[in-house]
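Dear colleague,

Please find below the structure for your review. My summary of the findings follows it.

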Amino acid sequence: MKTSHYLLATAVSAMAGLGATSAMAEDLTLCWAAWDPANALVQLSKAYEEQSGNTMNFEFVPWPNFADRMLNELNSGGQLCDLMIGDSQWIGGAAENGHYLKMNDFFDANDIKMSDFIDATVTGYSEWPKNTPNYWALPAFGDVVGWTYRKDWFDRPDIQAEYKTKYGHDLGVPDTFDELKNIAEFFQGRDIDGTTVYGASIYTERGSEGITMGAMDVLYSYGFLYENPDKPYDMEGFVNSPGAVAGLEYYKALYDCCTPPGSSNGYMSEGIDAFKSGQVALQMNFAFTWPGFESDANVGGGKTGYFVNPKGPDGKQFAQLGGQGISVVSYSKKQDAALDYIKWFAQPEVQAKWWSMGGYSCLKAVTLDPSFPESQPYAQTFLDSMAVVKDFWAEPSYATLLQDTQRRFHDYVVAGNGTAQQALDGLVNDWTETFEDDGKL
């Protein structure tokens, strides 16, 4: 990790040398998903415990159960969690149902400016309604769907020569989705050092959000829009536009041609396993996976490369936003101490340490530091990806909207039922019914 001299020089004092700000020591519980970044946050938070006198407890739930477990906690008015790092899609429901404490006054009183954070993360993790200065979270963990590739395979002279003979151009990072499919087809079933490998690992999971995150990652760049930009919730011709249909057809074609056997229900962990075990040349996954690849015995040490989600046929380029904000649960009896933790976490020096430990800081003082692009092999890809993000609905009814999307996409892409046009027409009908029930249409 290469940070600026300022950040390095001040990190120690910020992490351990500040005076306690809480009048009385408290036991705080922070709730999040169970994954590598959460483990890093436990280590990061030890410095907060030392400087504040508060004790940090953590409730981490595996991703497949995270939404059900934590949304049930919020909907029941539970007091397990003082702090919640909730998914970006939760922000609308959490705000409208009073689950999260509104943060505007706290931010103003402590000179925490949302303009100091990556713009897309403020919109995605903090705002409700969107594009209004109403804040319910501090951007905590920036994440985005991107791609990894086996750079060591791409660099082999024999593979390069064969690819160029077949396609007429050099094998390298794909600029377009068409080029990505060519690469995936080229590697599908190929023998690498006596092992049969496959083209690409992509998201197909049906039970939670997987295939939606994967297909949307493609559809955005093909022209998909959630609604008419000039008329909210007007979806006909936007969700099911010709471009969106072509994008969903592409996603199915990529699944059919170029994925490993047994790829009908894969999400983040399956992608990690496929890539680390040497099964695939390309892998779609959230950026949080990248530090783990760099340290892996099989794919680390320069064997892995990273690239931004490619462009669609008309040159559009977007990527699916992931990541989360950190909020104070309104039912907590320890709100002052919870806010104290957020104040500590927002400091530039703490955010720099967060990045160095594998957390994806959203603070511009970290990500725009001149040394940032060279700080990790994937740092520039992260920056470039965060500049082109879009996100799924954050409406209070997001869970219903998501379930319909999962079903429509999986039935078409994986099960092969119907056409892409029928899947997206059906999705317009599903979503219209939900918004009618919500009184928004």
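Among contacts in the protein between residues at least 6 apart in sequence, what percentage join residues at least 24 apart? The figure is 74%, where contact means heavy atoms within 4.5 Å.

Please note that this is a predicted model, in which local features need pLDDT of at least 70 and side-chain atom pairs count only at pLDDT 80 or more, while totals for chains, interfaces and linings use all residues. Residues are numbered from 1 along each chain as its sequence is written, and side-chain values use heavy atoms, with hydrogens and water left out.

The protein contains 19 helices and 11 strands, taken as DSSP runs (helices H or I, at least four residues; strands E, at least two) and numbered from the N terminus. Its radius of gyration is 22 Å, close to the 22 Å given by the globule rule for 441 residues, so the protein is as compact as a globular protein of that length. That radius is taken over C-alpha atoms, and the rule is 2.2 Å times the number of residues to the power 0.38. The C-alpha trace spans about 70 × 50 × 35 Å along its principal axes.

Of the 441 residues, 57% count as buried (under 20% relative accessible area, 1.4 Å probe, protein chains only).

An automatic or database domain assignment divides the protein into domain 1 (27-143 + 322-390) and domain 2 (145-320 + 394-437). Their centres, taken over C-alpha atoms, are separated by 27 Å. Between them, 29 residues of domain 1 are in contact with 22 residues of domain 2.

Conventions
Buried < 20%, exposed > 50% of the residue type's maximum accessible area, 1.4 Å probe, protein only.
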